[in-house]
Amino acid sequence: MTITTPTALLAMGPGIAERLFTPVQRERLTALVETDPALVAHRLADPEPEVAAALAGAELLITCWGAPPLTPDVLAAAPRLRAVVHAAGSVKHHITPACWERGIQVTSAAGANALPVAEYTLAAILFAGKNVLPAAHRYRRLRAPHDWRAELDGHGNYRRCVGIVGASRIGRRVIELLRPFDLDVLLFDPYVDAGAAARLGAAKTGLDELCARSRIVSVHAPELPATRHMIGAAQLAAMADGTTLINTSRGSLIDGDALLPELVSGRLNAVLDVTEPEVPPAGSPLYELENVLLTPHVAGSLGDEIHRMGDFALEEVARYVQGVPFADPVTPDDWARRA
């Protein structure tokens, strides 16, 4: 019996493939499939001749950030395409309904990308519990002995209530990372019942109750029409003075117009890795507020963490070559509900 080696094409944004795979990983890729790692498709609609030829023969697409959308016209130009291995998180930007209609298999490295986001969140939660950011700013100003124990009375990470909004991959991983600590964890997710929440290590509650009881609220829900501004004026008002709001999901989940006055007044604190818009205007108070830690969407994979997603993609390619199911397939239902 002759086993043919599948043909693959890389399709992602400029400069991504060079960062995604190490030389060793590229060697493994070329051992698994027939591909040219140096040929990377940045667009699939009206592509360059060499990309068009590779697309026509590709059985497998390996995608990452900046992957071009797989429209019906693109799929028509890829008659042999059977599967897409996405070496990143969300597939919503390039997987289209036409892919499901065609029966194309899809897998995503969302689980691998969830790990650094959860680690960033864990650090943010523990620092927030000890009021590290405001204390550091105040220490910089004082530059003198001070009764910090008295000033920080009421802070700390013993039996502090942490609210997790969304039992996504990242939300679940955050709850898992919190288990060794003496924290009380609440969870809001309409798709998780009380028993499942308890097995995760959290107590299920409603969103408004979570906001009222938690002293740290971390958002991990997907970006969907139903979740837009799910943390709005009412939820922010329910939070106690000094509560820290953490967002590593999508900026649209929080009503920024309602949040900003709460931050400017100093009533609430925030750790914001994502905002709406993605980059706040140059004059935004978010850049200057001492009770806000603003980072430029870096919680997800970066630097050497990107190679973890590369390893995951290679493992999925190996499964495809061996004819076994993907370890982490994306289904049409997943596609509709995930970020």
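Where does Arg143 lie? Arg143 is in the loop between helix H7 (132–142) and helix H8 (148–151). Helices here are DSSP runs of H or I with at least four residues, strands are runs of E with at least two, and both are numbered from the N terminus.

A word on the source. This is a predicted model, where local features need pLDDT of at least 70, side-chain atom pairs count only at pLDDT 80 or more, and totals for chains, interfaces and linings use all residues. Residues are numbered from 1 along each chain as its sequence is written, and side-chain values use heavy atoms, with hydrogens and water left out.

Arg143 has a phi near 50 degrees, a positive value in a residue other than glycine. Arg143 counts as exposed, because its relative accessibility is 69%. The cut-offs: buried is under 20% relative accessible area, exposed is over 50%, and partly exposed is in between, with a 1.4 Å probe and protein chains only.

His229 also needs a look. Its phi is positive, about 55 degrees, although His229 is not a glycine. His229 sits in the loop between strand E9 (216–219) and helix H12 (233–238). At a relative accessible area of 29%, His229 is partly exposed.

One more loop. The peptide bond from Glu276 to Pro277 is cis, with omega near 5 degrees. Pro277 belongs to the loop between strand E11 (269–272) and strand E12 (292–294).

Now the cores. A nonpolar core is a set of buried Ala, Val, Leu, Ile, Met, Phe, Trp, Tyr and Cys residues joined through side-chain atoms within 4.5 Å. The largest one has 29 residues, and Leu10, Met12, Leu20 and Leu60 have the most contacts inside it. Which elements give two or more residues to this core? They are strand E1 (8–11), helix H1 (16–20), H2, strand E3 (60–63), strand E4 (83–86) and H14. H14 provides the largest share, 8 residues. Take Leu60: beyond four places in sequence, Leu60 touches residues including Val33, Val85, Val317 and Tyr320. Contact means heavy atoms within 4.5 Å. A second, separate core of 26 residues includes Cys161, Leu186, Ile231 and Leu245.

Glu316 lies in helix H14 (residues 306–322). Buried or exposed? Glu316 is buried, at a relative accessible area of 0%. Its side chain reaches the backbone nitrogen of Asp328 at 3.1 Å. Leaving aside neighbours within four places in sequence, Glu316 is in contact with Val85, Thr107, Phe326, Ala327 and Asp328.

Gln25 lies in helix H2 (residues 23–32). Gln25 counts as buried too, at 6% relative accessibility. The side chain of Gln25 reaches the backbone nitrogen of Thr22 at 2.8 Å. Not counting residues up to four places away, Gln25 touches Leu20, His307, Gly310, Asp311 and Leu314.

Last, the rings. How many aromatic pairs does the structure hold? There are 2. Rings of Phe, Tyr and Trp (its six-membered ring) pair if their centres lie within 6.5 Å; planes under 30 degrees apart are stacked, over 60 edge-to-face, and the rest tilted. Tyr139 and Trp148 are edge-to-face, 5.7 Å centre to centre with 80 degrees between the planes. Tyr320 and Phe326 have centres 6.4 Å apart and planes at 20 degrees, so that pair is stacked. Tyr320 is buried at 12%, and Phe326 is buried at 10%.

Technical notes. A polar contact is a pair of N or O atoms within 3.5 Å; within protein, one must be able to donate a hydrogen and the other to accept it, and residues adjacent in sequence count only if both atoms are side-chain atoms.
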